[in-house]
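Hello,

Here is the structure I said I would pass on. My notes on it follow below.

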Amino acid sequence: MQKSIERIAGDSEGVSYEFPVLRFDGSDKAAPSAYLQAALHAGELPGVVAIDALMPMLEKAEAEGRIKGDITIVPQANPIGRAQYHFGEHQGRFHLGTRTNFNRGFPLLAAPDPTLLPDAAFGTADQRLKTRLLQLSIGHDIVLDLHCDDEGLAYLYVHASLWPAMADCAAAMGVDAVILWGEDTDGTFEGASITPYLNVPADVARFDRRVATTVEYRGILDVDGALAGADAEGLYRLLVGRGVVLDQALSTPGSFTGIVAPLENIDMMPAPRAGAVLYDVKPGDRVAKGALLATIVHAPGEADGRTQVFAPQAGIILTRRSRRIIRAGEDLLKLVGDRKSADARSGTLED
């Protein structure tokens with residue numbers, strides 16, 4: 001395993017940021033290659049500890065000569081966000097200098113050609129970071145961006161062109177759901193990873209071996225040794241299943257039997273009032289149309305001080321907020337409906 005340090009210049013003199021990159025050289029240049037990164041939203045740590053648990057498995061495979069394809073790993077992809085605190089509270093989701101989500105504004109290239117990327121010498125620090133992350137990831141057959149939600153099931157975002165070819169990956173990782181999307185106008189990292197291949201010849205796109213996904217590892221508080229070990233085993237199974245790592249002792253996972261739904265089926269349920277949230281459902285619950293989802297206490301102790309929120313359609317609760325204070329208009333949860341949402345949102349959700 002080789003380790004290098006990437007440095008990103010800050011927006012003022014004397015300030016810079018750095019992050020490590022770990023690499024394993026494969027023995028077979030025809031084998032698929034993989035790129036894994038975690039904590040693009042710097043406070044989302046389940047993927048970080050999953051990578052920590054994965055490393056001994058890869059080091060053992062390397063020592064035994066079983067790594068076939070090149071592997072590049074960025075365990076903590078956002079040193080800028082890691083350093084951002086405001087009055088003692090970590091702020092790792094948005095760049096405070098530009099107010100831009102760290103998982104937005106990635107260049108959506110017309111082809112998988114790193115020379116098309118903007119000059120990393122210009123722009124703000126967060127733009128330079130995004131350019132460098134794409135430089136590291138472009139050209140890999142497998143690109144995994146490890147995130148987490150507030151509270152939720154484990155699920156994947158997958159471009160519709162890669163499904164059902166990626167069903168083996170979902171099964172290997174043991175996720176509960178897959179959300180399919182079709183267009184990225186916001187420039188997420190996942191979108192920037194798949195967009196360059198959408199308008200190139202099939203022999204370049206290679207959708208039969210391509211993997212690009214945002215992995216949502218449950219909730220932000222699910223930073224746990226046992227979960228990290230299970231997630232690491234899922235990543236390892238994916239790498240073995242796709243031929244990056246050789247392990248004949250590993251059994252092949254069964255078919256994926258979880259939820260598969262288009263992005264348009266998700267109801268995000270904006271809060272009608274500000275206040276304290278009392279949830280009546282949790283991730284994984286199946287609800288009927290009209291079921292009580294949550295109560296918002298907006299005027300405590302008063303006769304009309306509660307507002308109830310009901311399911312607009314039948315479906316599965318995918319996620320909910322981890323905090324219990326809500327502002328009017330803020331999303332309460334993700335409901336994966338059985339049909340298209342009456343308020344379907346185009347493009348990406350809040351991640």
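Buried means under 20% relative accessible area, exposed over 50%, and partly exposed in between (1.4 Å probe, protein chains only). By that scale Asp168 is partly exposed, with a relative accessible area of 33%.

This is a predicted model, in which local features need pLDDT of at least 70 and side-chain atom pairs count only at pLDDT 80 or more, while totals for chains, interfaces and linings use all residues. Residues are numbered from 1 along each chain as its sequence is written, and side-chain values use heavy atoms, with hydrogens and water left out.

Salt bridges

With a salt bridge taken as a side-chain nitrogen of Lys or Arg within 4 Å of a carboxyl oxygen of Asp or Glu, the count comes to 21. Asp168 forms one with Arg242, the closest N and O atoms being 2.8 Å apart. Asp168 is in helix H4 and Arg242 in the loop between helix H7 and E14, 74 residues apart. (Helices, H or I of at least four residues, and strands, E of at least two, are DSSP runs numbered from the N terminus.) Arg242 counts as buried, at 13% relative accessibility.

Arg128 and Asp11 also meet in a salt bridge, at 3.1 Å from N to O. Arg128 lies in helix H3 and Asp11 in the loop between E1 and strand E2, so the pair ties together parts 117 residues apart in sequence.

The sheet

Two strands pair if DSSP finds at least two bridges between them. An open sheet of 9 strands with mixed pairing runs E1-E2-E4-E3-E9-E13-E11-E12-E14. Its edge strands are E1 and E14.

Regards
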